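These are my notes from going through one model.

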Amino acid sequence: VFIMAEVPGIPKDSLEVKINKDYVEIAGVRKEPDFFTRATHFYKLETYYGCFRRRFTLPVEIDTQKAKIVLIDGILTISIPRLKKRVIQIPVE
């Protein structure tokens with residue numbers, strides 16, 4: 001399972017990733033810049049600030065112990081391998 005999310009301007013310590021056997025949840029906070037307190041009017045604002053949370057339901061069973069999470073240049077990538085099912089062959093008596 002591979003998930004890629006754009007999280008520009010959000011530092012690592014403001015991100016939280018939870019991986020469960022049937023879902024992945026990404027949460028974080030994008031804080032307002034310091035100049036927001038001084039500004040009274042904006043002509044155009046295309047960035048949203050505050051808390052966010054996204055949950056993705058997984059279609060397959062995963063191995064949560066082998067998950068890899070990387071944040072580079074505002075791109076969060078989560079890679080989780082599928083859980084390998086063991087097939088046991090039982091001899092017929």
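**Val70 and other look-ups**

I began with Val70, which is partly exposed at a relative accessible area of 36%. The model is a predicted one. I placed Val70 in strand β5, and β5 runs over residues 68-72. I then listed what Val70 touches, leaving aside neighbours within four places in sequence: Ile75, Leu76 and Thr77. I also checked Val70 against Met4, which is 66 residues away along the chain. Their C-alpha atoms are separated by 9.7 Å.

**Asp73**

I noted a positive phi of about 50° at Asp73, although Asp73 is not a glycine. I kept this entry because most residues other than glycine have a negative phi. Is Asp73 buried or exposed? I found a relative accessibility of 77% for Asp73, which is over the 50% cut-off, so Asp73 counts as exposed.

**Asp63 and Gln65**

I moved to the loop between β4 and β5, where I found Asp63. Gln65 has its place in the loop between β4 and β5 too. I compared their accessibility. Asp63 counts as buried at 17%, whereas Gln65 is exposed with a relative accessible area of 71%.

For Asp63 and Thr37, 26 residues apart in sequence, I got 45 Å from C-alpha to C-alpha.

**Glu25 and its surroundings**

I then turned to Glu25, in strand β3 (residues 23-30). Glu25 is buried, with a relative accessible area of 7%. What does the side chain of Glu25 make a polar contact with? I found the side chain of Arg53, at 3.0 Å. Leaving aside neighbours within four places in sequence, I listed the contacts of Glu25 as Glu16, Val17, Lys18, Arg53, Arg54 and Arg55.

Arg55 came up again when I checked charges over rings. I found Arg55 over the face of Tyr23, at 3.8 Å from the ring centre. Tyr23 belongs to β3, which covers residues 23-30. I searched for aromatic pairs as well and the structure holds zero.

**Largest pocket**

Last, I looked at pockets. I noted a volume of about 240 Å³ for the largest pocket. β1 (2-6), β3 and β4 (50-57) are the elements that give two or more residues to its lining. The lining is made up of 14 residues. Which of them lie nearest the centre of the largest pocket? I wrote down Glu6, Ile10, Arg30, Phe52 and Arg54. Arg54 is also one of the residues in contact with Glu25. β4 supplies the largest share of the lining, five residues.

Notes: Residues numbered from 1 in each chain as written. Predicted model: local features only at pLDDT ≥ 70, side-chain atom pairs only at ≥ 80, totals over all residues. Heavy atoms only, no water. Helix = DSSP H or I, 4+ residues; strand = E, 2+ residues; numbered from the N terminus. Buried < 20%, exposed > 50% of the residue type's maximum accessible area, 1.4 Å probe, protein only. Phe/Tyr/Trp six-rings, centres within 6.5 Å; stacked < 30°, edge-to-face > 60°. Lys NZ or Arg CZ within 6 Å of the ring centre and 35° of its normal. Polar contact = N/O pair within 3.5 Å; in protein donor to acceptor, adjacent residues only side chain to side chain. Contact = heavy atoms within 4.5 Å. 1 Å grid on protein atoms, 1.4 Å probe; cavity = no way out; pocket = protein on both sides within 12 Å on 5 of 7 lines; lining within 4 Å. Points joined across faces, edges and corners; volume = space filled by probe spheres on them.
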